[in-house]
4 protein chains.
Amino acid sequence: MEDVVQKAPAPSGDEADLDDCAVRQPRPRDPERTRLAILDAATAEFVAHGFAGASVNEIAARAKVNKRMLYHYYGKKDDLYLAVLERSYKGIRTAERELRLTDLPPREAIERLVMFTWDYFLEHPEFLSLLNTENMLRGRYLRQSTQIRDLHSPLITMMRDVLERGAAEGTFRKGVDPVQLYVSIASLGFFYLSNRYTLSTIFERDLLDPAQLAERGRHIVEVILGYLSCDVSKASTKVSTT
Amino acid sequence: MEDVVQKAPAPSGDEADLDDCAVRQPRPRDPERTRLAILDAATAEFVAHGFAGASVNEIAARAKVNKRMLYHYYGKKDDLYLAVLERSYKGIRTAERELRLTDLPPREAIERLVMFTWDYFLEHPEFLSLLNTENMLRGRYLRQSTQIRDLHSPLITMMRDVLERGAAEGTFRKGVDPVQLYVSIASLGFFYLSNRYTLSTIFERDLLDPAQLAERGRHIVEVILGYLSCDVSKASTKVSTT
Amino acid sequence: MEDVVQKAPAPSGDEADLDDCAVRQPRPRDPERTRLAILDAATAEFVAHGFAGASVNEIAARAKVNKRMLYHYYGKKDDLYLAVLERSYKGIRTAERELRLTDLPPREAIERLVMFTWDYFLEHPEFLSLLNTENMLRGRYLRQSTQIRDLHSPLITMMRDVLERGAAEGTFRKGVDPVQLYVSIASLGFFYLSNRYTLSTIFERDLLDPAQLAERGRHIVEVILGYLSCDVSKASTKVSTT
Amino acid sequence: MEDVVQKAPAPSGDEADLDDCAVRQPRPRDPERTRLAILDAATAEFVAHGFAGASVNEIAARAKVNKRMLYHYYGKKDDLYLAVLERSYKGIRTAERELRLTDLPPREAIERLVMFTWDYFLEHPEFLSLLNTENMLRGRYLRQSTQIRDLHSPLITMMRDVLERGAAEGTFRKGVDPVQLYVSIASLGFFYLSNRYTLSTIFERDLLDPAQLAERGRHIVEVILGYLSCDVSKASTKVSTT
DNA sequence: TATGAATGAGCTTTCATTCAT
DNA sequence: CATGAATGAAAGCTCATTCAT
């Protein structure tokens, strides 16, 4: 995974292999290809260095495109960043729609959701990084993107159904807020991966080692299912918080 | 909490009110005060804009100090950033040492740990932000700071003791890895706060509303204790992961 | 007048209303219309921002024409500017030819000339602006335009006739240079309008207020006629200059 | 005069002669000298190319100063331009205060005022150019400069006194508005000089030839005094305008 | 005739850092 | 201890113009 961060998320087939033939032709007039090359390069750059740290020069170089083209296609740096963010969000929303939790028994449904989330994070490190970047920017771009905000996630609705079914059949505890639960499921994977550098240093473990990753996946499922599982002893749980 | 992000974490009493005395002396010859003002300003700036986005000029301006002083006291931008990071880590390590988990029964010990972590994150948003920044830098500064790495957290040791006691007396499930558990405890609070901007936008909730914060704190405790609590049904949990 | 500055001088009838017919044809194959749209847009842009400040992109956008068309019809920016300048000069020369000063008694002839000049400036603010622009460029384009230089103004000849008739009949003073006089007539209106922004600010008057404009027109006529009018006292005027 | 345009208005003594000694020292730490060099260079550049056409690179080069210094001392291009404009206005206001029109008999007072204005324009071509530039910018910078707006010209008050005295003693016509008259006095010189390039081309005369300049000065005085001079024939002047 | 992709050079501005006092 | 002048490099962005279709 480590190095995947550097790569673009959806490389769209073969890339940059017709270019260097012959006598350095200016550019093959393929606007769509250029657009995509820029978006891929920008994703990699924003992931690698954050918003402020990303350089449009570098993006152009990565995309093997004249710098002027970034502005031609995407306007300014901000707009390019927004385009990157939007594509990334579309990616996860699309994947989420493939999940058919309502077809499964509650326990399996939750298990599948947890593993889906964990796997998606593992396979799309750029998404994690962009989310962090966006939060360092206080969410200002996401907020202004009606495109993303209209892209509703089907998860909460599906989860509500699953949680109700589970509670009805006595498998799950009652009164679980699907939003809180979803945030928790995401947290357990996101934090582990996103903060892997500091965690690795502090705990002196290689968090990306395949065995460690598997271990973490198992742990997350256990935490979530352990929490949800209903039994008498838990009904009386009382907690005082601030 | 929201606004705390902007401020320095430990403002060290009254600030910048001795300045305008008499006939505009160059500076109130108080090196320690200057040092601290710089560190506070730098913290605020790095928190607000990340490493690359932070401006040395702005830090000097915030600290009401000549730019040259930053270099005098801290060397270059990297070194200043490292100093900020180190102070922040020292802060949490110091707080952790106050916790006396070994004096408490297992269940209460875990509850206290969870609430401590949650409260610390709430009260030190700059720590969350710096951690994110450092991870975007792939942990390169943390790794080079022997100072931080020598600052061992007492938590893992304490937790191992608590978990063993809990397992022995039958309250907790067996075989829980204290590191995994600690990461999970941190995750559940960290992600919620750190990603509050995107989460707020997507879920259209104000995550920093006091009621919401209390709710989240309660939820985290329930998840962790629910997971740890031992009962027959859980012994058979089998999970397959990647 | 204020807003006329923004608009093109001779809009050539109805504008941009044939465009949206049918199924978005590329362009309504009307070369002459396109030519004119470009020239109008260029005039507006050069008037609004001067030569260096004018943007070829913006001209194309204003004209609702592909940028490539500018080059197709007019060559480079310089050539387009020259075309704008030439049209503007043709405009005033054409108007000047309508004046029939030789048909009028001297006093009335001068009065008509003065008012014509003032009115023309009022109605053609783009001409004033282009003249200023051209002078900031040290007249380099005007100098290279044989077209404009061949466009002789009939005014000087007409004025010479009028001044001679006036002097002969004793109405006007003798020995007035028609060029000096023409420059003065133009000055009194041109400066007032062209420098209206700074003058308005300094004198805290709205120079474009209709009452103010009428007042200025009256003043200019009085100055010119007052100067020309012959009487004994003036014969002895002696002035020493550098 | 022609080339004076290129030079800075107040060169502040000896300039740039200590620089090139020895081994190319970085810069003599003389902030005031640097400030002034930048202002002089900026004046020359704005005069030569207008606001949009002026290049900060070129200004730095002219001033033999690192480009970064412009921003250090003056902020952005806009601010630098404003500083140039302000200095130029201060120049003419200072000169105006030297005029002691109230000490002179009316006719001589006006004559002195006219010649002062003409001479000032001749000696400060940069002032004319800056005024034109500012008016092409629609006076936006002048308007925002409280510094200039507070710099009231003493001329209008002095002129009112002179005109009243002249009318009282029967030398001048009655009811002359000092503002209109001042604008006219300025017009007759300003337009001639400012539009000399186009005028020279159209009339095929060298307007800057010393003989021509003297002639123009004489003409302006005659126009103004001719207009002001009172006699019976003028009392009946009736003019109809738009 | 018309389009819009593509370009290199240049723009204004900001960066972290060092030097002289 | 403290100041602010000075710097080279690089940032993001726009320019007029040309090429391929």
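Visitor: In this model, how many residues surround DNA strand E, and which of them are the closest?
Guide: The model is a predicted one, and in it the closest residues to DNA strand E include N66(A), R68(A) and K77(D). N66(C) and R68(C) complete the list of the closest, and the number of residues that surround DNA strand E is 41.

Visitor: Which element gives the most to the surface near DNA strand E?
Guide: Elements of chains A, B, C and D each give two or more residues to this surface, among them α1 (31-53) and α3 (67-74) of chain A and α2 (56-63) and α3 (67-74) of chain B. From chain C come α1 (31-53) and α3 (67-74), and from chain D come α2 (56-63) and α3 (67-74). The element that gives the most, with four residues, is α3(C).

Visitor: How many residues of the surface near DNA strand E are charged?
Guide: When the residues of this surface are divided by class, 14 are nonpolar and 10 are polar. The charged residues number 17.

Visitor: How many charged residues does the surface near DNA strand F have?
Guide: By class, the surface near DNA strand F has 14 nonpolar and nine polar residues. Its charged residues number 18.

Visitor: By what turn can chain C be laid on chain D, and as by what kind of axis are the two copies related?
Guide: Chain C can be laid on chain D with an RMSD of 0.1 Å, by a turn of 180° and with a shift of 0.0 Å along the axis. The two copies are therefore related as by a two-fold rotation axis.

Visitor: Which residue of chain C comes closest to the rotation axis?
Guide: The distance is taken at the C-alpha atom, and for the residue of chain C that comes closest to the axis it is 2.3 Å. That residue is Y227(C).

Visitor: How many residues of chain C are in contact with chain D, and what classes do they fall into?
Guide: On the side of chain C that touches chain D, two or more residues each come from α1, α5 (106-123), α6 (125-136), α7 (140-144), α10 (178-194), α11 (196-203), α12 (210-228) and α13 (232-235) of chain C. By class, this side has 21 nonpolar, 21 polar and 11 charged residues. The residues of chain C in contact number 53, and they meet 54 residues of chain D.

Visitor: How many residues of chain B are in contact with chain A?
Guide: The side of chain B that touches chain A divides into 21 nonpolar, 21 polar and 11 charged residues. These contacts involve 54 residues of chain A, and the residues of chain B that take part number 53.

Visitor: Is Y227(B) buried or exposed?
Guide: Y227(B) is found in helix α12 (residues 210-228) of chain B, and, leaving out residues up to four places away in sequence, Y227(B) touches E222(A), V223(A), G226(A) and Y227(A). Around Y227(B) there are 22 other C-beta atoms within 10 Å, whereas the cut-off for this class is 20 or more. Y227(B) is therefore buried.

Visitor: Why does Y182(B) count as partly exposed?
Guide: Y182(B) lies in helix α10 (residues 178-194) of chain B, and, its neighbours within four places in sequence aside, Y182(B) is in contact with L155(B), I156(B) and M159(B). A residue is partly exposed when its count lies between the limits of 12 or fewer for exposed and 20 or more for buried. For Y182(B), the number of other C-beta atoms within 10 Å is 19.

Visitor: What separates the centres of the two domains of chain A?
Guide: Chain A has 13 helices and zero strands, and the chain is divided into domain 1 (28-75) and domain 2 (88-232). The contact between them takes five residues from domain 1 of chain A and six residues from domain 2 of chain A. Taken over C-alpha atoms, the separation of the two centres is 30 Å.

Methods. Residues are numbered from 1 along each chain as its sequence is written. Chains are lettered from A and ligands numbered from 1 in the order in which they are written. This is a predicted model: local features need pLDDT of at least 70, side-chain atom pairs count only at pLDDT 80 or more; totals for chains, interfaces and linings use all residues. Copies are superposed by least squares on the C-alpha atoms of residues with pLDDT of at least 70 in both. A residue is near a molecule or strand if its C-beta atom, placed from the backbone, lies within 6 Å of it. Ala, Val, Leu, Ile, Met, Phe, Trp, Tyr, Cys and Pro count as nonpolar, Asp, Glu, Lys and Arg as charged, and the others, Gly among them, as polar. Two residues are in contact if their C-beta atoms, placed from the backbone, lie within 7 Å. Domain bounds come from an automatic or database domain assignment.
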